[in-house]
Protein chains: 2
Amino acid sequence: MNISRASDYAIRGLVYMAKKPAGTVCFVKDIAKNTNSPASFMSKIFQTLAKSGLVHSFIGTKGGFTFNAQPENITIKMIVEIIDGPIVLNRCVVNKSSCQNIGNCDVHFMWLDIQKMLTKALSSYSIADFANNAFKNKLSESDLNFA
Amino acid sequence: MNISRASDYAIRGLVYMAKKPAGTVCFVKDIAKNTNSPASFMSKIFQTLAKSGLVHSFIGTKGGFTFNAQPENITIKMIVEIIDGPIVLNRCVVNKSSCQNIGNCDVHFMWLDIQKMLTKALSSYSIADFANNAFKNKLSESDLNFA
DNA sequence: AAAATATAAGACAAATTTTATCTTAATTCG
DNA sequence: CGAATTAAGATAAAATTTGTCTTATATTTT
């Protein structure tokens, strides 16, 4: 019940990039250094981000990474799903055929509802929110205190 | 970003038990059979539940498990935490000393808020909710649609 | 009382996932 | 063209999850 180190590193790396002037080419070496993460691991993470199209990569000397999308449009949900895969709280939520207790799954709707809430929450934060240091709670008091 | 098979099995097992008359002694063999789960795995799961005090175990012939608490008072959060351990969405939320980016962790408050919301949601469902077939959404429309 | 049976407890093991590192390929610069 | 720098891709170690197998305990039967 947590995000992976890889997703955490990815988010921190992208926030670091977003703090630079738009279009800046960033090296994994610098990104890793400034996010307290293993450079070689960060390398593979950015490889995945590049494959997803979220960032663009340049090989060779003076290579590196740039954004392929506006940081405002890159949500935490997007990153977590690119790195960790789809957010699915329980097997029975994936689809009907993957639920062993077809037609009679007591817990199906609970997981579905909580999953909806979670993905909405993760979608409500963007990389830009953190880069701008303009963070404020996206979740209202009522969200935090539902019955 | 999901609960484990073990937690899922635990929940289903306890729901199965809760459908029986209060005080019924249940065997792992039956619990497993009725929840489509491996009996030997379920055995270990109930061992953990027994250690936690949630259920009581009896060894030997005519042994088995009974509730040690009212199903109404057993929340999904309790079960998930007993089986999977504490719900902590990201390392930086555990405590200040575990955050590499002390005093300057951009994402700390996001994870903290989402975690609060998630644990509240998991606390809002009890085993009795599913055993009684009286399930209805615990999450209001506004919860599912916060900005 | 001893043996057989039924049950959970606990030790052990396989499989999967996560977290990395190491090697290769590509590009630039001198 | 060779050296340096960078990402890409292959490989590997570690941790976690999922599961099985053996042992201990209690009950029942003889």
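Predicted model: local features only at pLDDT ≥ 70, side-chain atom pairs only at ≥ 80, totals over all residues.
Chain A has 147 residues, and 36% of them count as buried. Consider also the contacts in chain A between residues at least 6 apart in sequence: 55% of these join residues at least 24 apart.

Two of the helices in chain A can be looked at together. Two packed helices are described by the angle between their axes and the distance between the axes. Helix 1 of chain A covers residues 5-19 and helix 3 of chain A covers residues 39-52; their axes come within 10 Å and cross at roughly 75°. An angle of 65 to 115 degrees counts as roughly perpendicular, and helix 1 and helix 3 of chain A are therefore roughly perpendicular to each other. On the helix 1 side, the contact involves A:Ala6, A:Tyr9, A:Ala10 and A:Gly13, which meet A:Phe41, A:Met42, A:Ile45, A:Phe46 and A:Leu49 in helix 3 of chain A. Sorted by class, this contact has eight nonpolar residues, one polar residue and no charged residues.

Between helix 2 and helix 3 of chain A there is a loop, and A:Asn36 is found in it. Phi of A:Asn36 is near 55°, which is a positive value in a residue other than glycine.

Strand 1 of chain B (residues 55-58) and strand 2 of chain B (residues 64-67) run antiparallel and are joined by four bridges. One of the pairings is that of B:His56, whose bridge partner in strand 2 of chain B is B:Thr66. The hairpin formed by these strands has five residues between them, and there B:Gly60 takes a positive phi near 85°. B:Lys62 also lies in the loop between strand 1 and strand 2 of chain B. B:Lys62 has a positive phi of about 65° although it is not a glycine. With 8 C-beta neighbours inside 10 Å, B:Lys62 counts as exposed.

A further helix contact is found in chain B. The axes of helix 4 (residues 76-84) and helix 6 (residues 108-123) of chain B come within 6 Å and cross at roughly 110°. Helix 4 and helix 6 of chain B are therefore roughly perpendicular to each other. Helix 4 of chain B contributes B:Ile76, B:Lys77 and B:Val80 to the contact, while helix 6 of chain B contributes B:Thr119, B:Leu122 and B:Ser123. By class, the residues of this contact are three nonpolar, two polar and one charged.

Helix 1 and helix 3 of chain A give two or more residues each to the surface near DNA strand C, as do helix 2, helix 3 and strand 2 of chain B. Helix 3 of chain B supplies the largest share of that surface, with six residues. In terms of class, the surface near DNA strand C has ten nonpolar, 13 polar and six charged residues.

At least two residues of the surface near DNA strand D come from each of helix 2, helix 3 and strand 2 of chain A, and from each of helix 1 and helix 3 of chain B. The largest share here, five residues, comes from helix 3 of chain A. The surface near DNA strand D divides into ten nonpolar, twelve polar and five charged residues.

Conventions. Residues numbered from 1 in each chain as written. Chains lettered and ligands numbered in written order. Axes fitted to C-alpha atoms, helices over the stretch in contact; angles between N-to-C directions. Parallel < 35°, antiparallel > 145°, perpendicular 65-115°, else oblique. Contact = placed C-beta atoms within 7 Å. Nonpolar A, V, L, I, M, F, W, Y, C, P; charged D, E, K, R; others polar. Pairing = 2+ DSSP bridges. Buried ≥ 20, exposed ≤ 12 C-beta atoms within 10 Å, placed from the backbone.
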